[in-house]
Amino acid sequence: MANRSRGTRHGTRRARRRRWPLWLALAAAVLAGLAWHFRAPIAGYSGIAAAYSARVACSCRFVAGRSLDDCEKDKLAGMELVTLTEDVENRSVTARFPFLAAETTTLRDGYGCVMEPWEG
């Protein structure tokens with residue numbers, strides 16, 4: 001009798017081991033479906049985060065004269081994924097939200113920091 005219950009228990013473990021790829025595929029499909037369903041808000045929020053960060057960082061860097069590292073402190077909570085790069089020669093800052101959005105803001109004399117492309 002002891003051997004029989006032991007074999008059943010091991011058989012269940014093997015069945016569970018074979019099911020994990022199925023559960024992983026199911027979880028990936030659910031996440032992909034959710035991302036597809038909410039793609040417009042995700043794209044909108046990432047674009048807004050990049051634009052806001054670029055505008056604030058450009059003003060911080062080229063109007064206030066602070067370093068870009070110091071300007072990183074001005075990002076709002078939740079914007080940790082946004083990365084900032086500067087182009088000192090063109091007086092511009094580019095903010096990128098990974099894989100989704102990138103926005104560039106340039107300091108224009110008489111206008112302040114404006115989003116690119118700019119027609120003025």
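Colleague: Over which ring does the charged end of Arg39 sit?

Modeller: This is a predicted model, so what follows describes computed positions. A charge counts as sitting over a ring only if, among other conditions, it is within 6 Å of the ring centre. The charged end of Arg39 is 4.0 Å from the centre of the ring in question, and that ring belongs to Trp36.

Colleague: And how many aromatic pairs are there?

Modeller: For two rings to pair, their centres have to lie within 6.5 Å of each other. When that rule is applied here, the count of aromatic pairs comes to zero.

Colleague: In what order do the strands of the open sheet lie, and which are the edge strands?

Modeller: The sheet is an open one of four strands, paired antiparallel, and its order is 1-2-3-4. An edge strand pairs on one side only, and this applies to strand 1 and strand 4. From one strand to the next the twist averages 25°. To end on the names you asked for, the order is 1-2-3-4, and the edge strands are strand 1 and strand 4.

Colleague: What is the bridge partner of Leu84 in strand 2?

Modeller: In general, strands of a sheet pair through backbone hydrogen bonds, either parallel or antiparallel. Strand 1 and strand 2 run antiparallel and are joined by five bridges. In strand 2, the residue that partners Leu84 is Ala95.

Colleague: At the other side of the sheet, which residue of strand 4 stands opposite Leu107?

Modeller: Strand 3 and strand 4 run antiparallel, with four bridges joining them. They form a hairpin with three residues between them, and in the turn Gly110 has a positive phi of about 85°. The residue of strand 4 that stands opposite Leu107 is Cys113.

Colleague: Which helix lies across these strands, and at about what angle does it run to strand 3?

Modeller: The element that lies across strand 1, strand 2, strand 3 and strand 4 is helix 2, which covers residues 39–63.

Colleague: Which element gives the most to the largest nonpolar core?

Modeller: That core has 18 residues, and Cys58, Leu68, Val82, Leu84, Val93 and Ala95 are the members that touch the most others. At least two residues of the core come from each of helix 2, helix 3 (68–71), strand 2 and strand 3. With seven residues, the element that gives the most is helix 2.

Colleague: Phe99 has a positive phi although it is not a glycine; is Phe99 buried or exposed?

Modeller: Phe99 lies in the loop between strand 2 and strand 3 (101–108), and its phi is about 70°. The cut-off for exposed is a relative accessible area over 50%. Since Phe99 has a value of 88%, Phe99 is exposed.

Colleague: What is the phi of Arg91, and where is that residue placed?

Modeller: Arg91 is not a glycine, yet its phi is positive, at about 55°. With a relative accessible area of 31%, Arg91 is partly exposed. Its place is in the loop between strand 1 (83–87) and strand 2 (92–97).

Colleague: How far apart in space are Glu80 and Phe97, C-alpha to C-alpha?

Modeller: Glu80 is found in the loop between helix 3 and strand 1, and Glu80 is exposed, with a relative accessible area of 59%. Along the sequence Glu80 and Phe97 are 17 residues apart, while in space, C-alpha to C-alpha, their separation is 9.4 Å.

Note on methods. Residues numbered from 1 in each chain as written. Predicted model: local features only at pLDDT ≥ 70, side-chain atom pairs only at ≥ 80, totals over all residues. Heavy atoms only, no water. Buried < 20%, exposed > 50% of the residue type's maximum accessible area, 1.4 Å probe, protein only. Pairing = 2+ DSSP bridges. Axes fitted to C-alpha atoms, helices over the stretch in contact; angles between N-to-C directions. Contact = heavy atoms within 4.5 Å. Phe/Tyr/Trp six-rings, centres within 6.5 Å; stacked < 30°, edge-to-face > 60°. Lys NZ or Arg CZ within 6 Å of the ring centre and 35° of its normal. Core = buried A, V, L, I, M, F, W, Y, C linked by side-chain atoms within 4.5 Å.
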